[in-house]
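Here's a quick briefing to read alongside the model. Keep the 3D view open and find each residue as it comes up.

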Amino acid sequence: NDVFARKITGGELGAFVFYAIIVGSAAGSISEVISELQRAAGALERIVELLYAKNEIREVDDAATLVISPVSASIRFEDVTFHYPSRRETPAIRHFTLSIEAGKTMALVGPSGAGKSTLFDLLMRFYEPETGSIHIAGQDLRSLTLQSLRQQIAFVSQTPTLFHGTIAQNIAYGRPEATEHELIEAAKAAHAHEFIQRLPNAYQTHLGDLGLGLSGGQKQRLAIARALLVDAPVLLLDEATSALDAESEHLVQQALEHLMKDRTTLVIAHRLATVRNVDRIVVMDQGQVVEMGSHEDLMRNSGLYQRFARLQFNAAAAPLSDSNHSEVPGSL
């Protein structure tokens, strides 16, 4: 109407509409930025809360630095009892006593919830036992610095943790001062060097978060190479082959045999076929030791281990019917 009434020109109307669109778009962009800022502020608040959270695991004032060798890396759990904070009514570990000689390999077998992983958490002092004590090389864990304790332990889990960065950085995570030659030798011992060499930039290939782009077997071999490079006298294995195909399992098993040599090793065993040759097998149930011995000894006794073995080996020999699936433990 204003244009027809000659109050404004057509050009002025066009300019007004053009500027109105620009202002509207800018206002929309500002609202999106404000929304992102609010999310960032919420995330920052949680991060600050985490940074200022008090660690429940405290070092004593005169904590000693743990320095041990493979020949002295014995482990002893002495009458240990522990409850998770969220399950105060049921102990995860109850009056647990066990000794592992230096340089020996011990397998932990048992149904899900038996307390196998909890022993690893207690040994690395992620939690503190409520009663009893844990000793490594004759020294109470509570008398040691956390850093020196964890530097003497290498851990390979079922689901290895890989970080956003190069393969070289991931292998050298536990020992960043390692030379390139040491890093490559660790990768060769873990049977990882061949597949690394086939990648576009070899050891400088960047990985996505959690090792995105690698197969399960390749991730496991990188984790084993990391543990080899650390060269810690104590090794904890949450059996690394239970979810792999046959070829990857064979390569990872060879790497693990090299890794376990001359180290005090605790293995959480999910497949009984992989623990036949360990020095001793400990069968756990409800946070306690119920059986102990070699594979042959335990198979001669009518007990929990023999039942697990029969279920697993029968399942491997012939497919289970639907009626039997409920009898097989999901994890040992």
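Arginine 88 is partly exposed, as its relative accessible area is 49% (buried means under 20%, exposed over 50%, and partly exposed in between, with a 1.4 Å probe and protein chains only). Keep in mind that this is a predicted model, where local features need pLDDT of at least 70 and side-chain atom pairs count only at pLDDT 80 or more, while totals for chains, interfaces and linings use all residues. Residues are numbered from 1 along each chain as its sequence is written, and side-chain values use heavy atoms, with hydrogens and water left out.

**Salt bridges**

- Arginine 88 has a partner: its side chain meets that of glutamate 130 in a salt bridge, 3.4 Å from N to O (the rule is a side-chain nitrogen of Lys or Arg within 4 Å of a carboxyl oxygen of Asp or Glu).
- Arginine 88 sits in the loop between strands E1 (75–82) and E2 (93–100), and glutamate 130 in the loop between helix H2 (116–123) and strand E4 (131–136), so the pair ties together parts 42 residues apart in sequence. (Helices, H or I with at least four residues, and strands, E with at least two, are DSSP runs numbered from the N terminus.)
- Glutamate 130 is partly exposed too, at 37%.
- Aspartate 231 and arginine 263 also make a salt bridge, at 2.4 Å from N to O.
- That pair ties together parts 32 residues apart in sequence, because aspartate 231 is in the loop between H7 and strand E9 (234–238) and arginine 263 in the loop between helix H8 (246–260) and strand E10 (264–268).
- The salt-bridge count comes to 9.

**Helix H5**

- H5 (residues 180–189) packs against H7 (residues 216–230) at an angle of about 130°, and their axes are 8 Å apart.
- On the buried side of the list for H5 are Leu183, Ile184, Ala186, Ala187 and Ala189.
- Just after H5, histidine 191 takes a positive phi of about 55°.

**Leucine 51**

- Leucine 51 belongs to helix H1 (residues 10–51).
- Leucine 51 is exposed, with a relative accessible area of 66%.

How values were computed. Axes are lines fitted to C-alpha atoms, for helices over the stretch in contact, and angles run from 0 to 180 degrees between N-to-C directions.
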